[in-house]
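Let's take a walk through this protein together.

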Amino acid sequence: MNNISHWADGMAVLDLLPSNPLQEPARLAWTAMLNRYSHFQIATWGSLLIHEVAYFTICLPGFLAQFIPAMRKYKIQQSKTETWQGQWRCLQLLLFSHFFVQLPMIACTFHCAEFLGLNYSWETMPNWWALLAQCAGCAVVEDTWHYFLHRLLHHPRLYRHVHKIHHRYTVIVLVFFHCIQTMTTASQELVLHIMTCLCYVQAPFGLQAEYAHPVETITLGFGFFLGLLLFASHMALLWAWVLCRLLETIDVHSGYDWPWNPLHVLPGYAGSRYHDFHHENFVGNYSSTFIWWDWLFGTDGAYREKQKLVQKEMNKKCK
Ligand SMILES: [Zn+2]
Ligand SMILES: [Zn+2]
């Protein structure tokens, strides 16, 4: 009995949290959607629309940053510039992946929602803070799946057949820099010029977030659904989790480390510098969202050493 009253007190405290200021317009829009479309259309075409609009909207600031000189100082790999050809190639594969790999997966959303018993009604929609808490739970589950599978994908037997595509730009850059180290200065300048013209020297950039082999898209993507198996009760969570996951994955692939990035308030959030190190070095930092698994298994050692050196250099400059 005592436990029940404590639980009821807790719920009363949660009720004191501010309500969503956009609640009324959101209710009208949600009700209009339910009146107009079937559950199949909402789950399939609604999910596709949200994924595409959110993906390219979230990529936009990182894409525009390359044209703004003031943003240059926030770029992580300063020596590697974005190139039109590189970004165009990435966009082509990305659109192929979105429509030929992810669309069939999204087409299964309705049946998954039925299997999970997801609700669509406005009355059963969780509060904004409950949605956030459920998204955080999904992120922890996905991060765990991502860490172990991503680490496995770096096994030499799997890497060259599957995961290499996601690292494609960096492989070319490393081979290239290794080759030019043995050349004379004049030859180096010539080769650098040719490579710049070929436009293939790339550091991670936002669009690359979902640039991957279909097998990787499906297997790593499975982690996205694992959290839903545990927490999902409403279609709104599926869409909220899509937005959170895209925000995170595009941020860590943006190639920029913005000091005002609000995602850094999340406890243990890895961020772009962390994942950029993985793309630069191919080993360590296998997690997607949080730093915990890498810390626990010691796969972030090289990154921590590098961060210490960077800090030392900064301290020297300040003296
Ligand atoms: Zn990556
Ligand atoms: Zn990797």
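This is a predicted model: local features need pLDDT of at least 70, side-chain atom pairs count only at pLDDT 80 or more; totals for chains, interfaces and linings use all residues.

Residues are numbered from 1 along each chain as its sequence is written, and chains are lettered from A and ligands numbered from 1 in the order in which they are written.

The protein has 14 helices and 0 strands; here helices (H or I, at least four residues) and strands (E, at least two) are DSSP runs, numbered from the N terminus. Of the 319 residues, 30% are buried, meaning that 20 or more other C-beta atoms lie within 10 Å of a residue's own; a residue with 12 or fewer is exposed, one in between is partly exposed, and the C-beta atoms are placed from the backbone. Among contacts with a separation of 6 or more, 73% join residues 24 or more positions apart, where a contact is a pair of residues whose C-beta atoms, placed from the backbone, lie within 7 Å.

Now find helix H10, residues 214-231. Its 18 residues should span 26 Å at 1.5 Å a residue, and the end C-alpha atoms are 27 Å apart, which agrees; the expected span is 1.5 Å times one less than the number of residues. H10 also has a kink of about 25°, centred on Phe 224, the bend being the angle between axes fitted to the seven residues ending there and the seven starting there. The buried residues of H10 are Glu 216, Thr 217, Leu 220, Gly 223, Phe 225, Gly 227, Leu 228 and Phe 231. What covers them includes helices H4 (84-107), H5 (109-116), H6 (128-153) and H11 (235-252).

Next comes helix H12 (residues 272-281), which is mostly covered, with 7 of its 10 residues buried. Three histidines are among them: His 275, His 278 and His 279.

Phe 282 sits in the loop between H12 and helix H13 (292-297), and it is partly exposed because 15 other C-beta atoms lie within 10 Å. Asn 285 is found in the loop between H12 and H13 as well, and its phi is near 50°, again positive in a residue other than glycine. Asn 285 counts as buried, because it has 25 C-beta neighbours inside 10 Å.

Terms used. Two residues are in contact if their C-beta atoms, placed from the backbone, lie within 7 Å.
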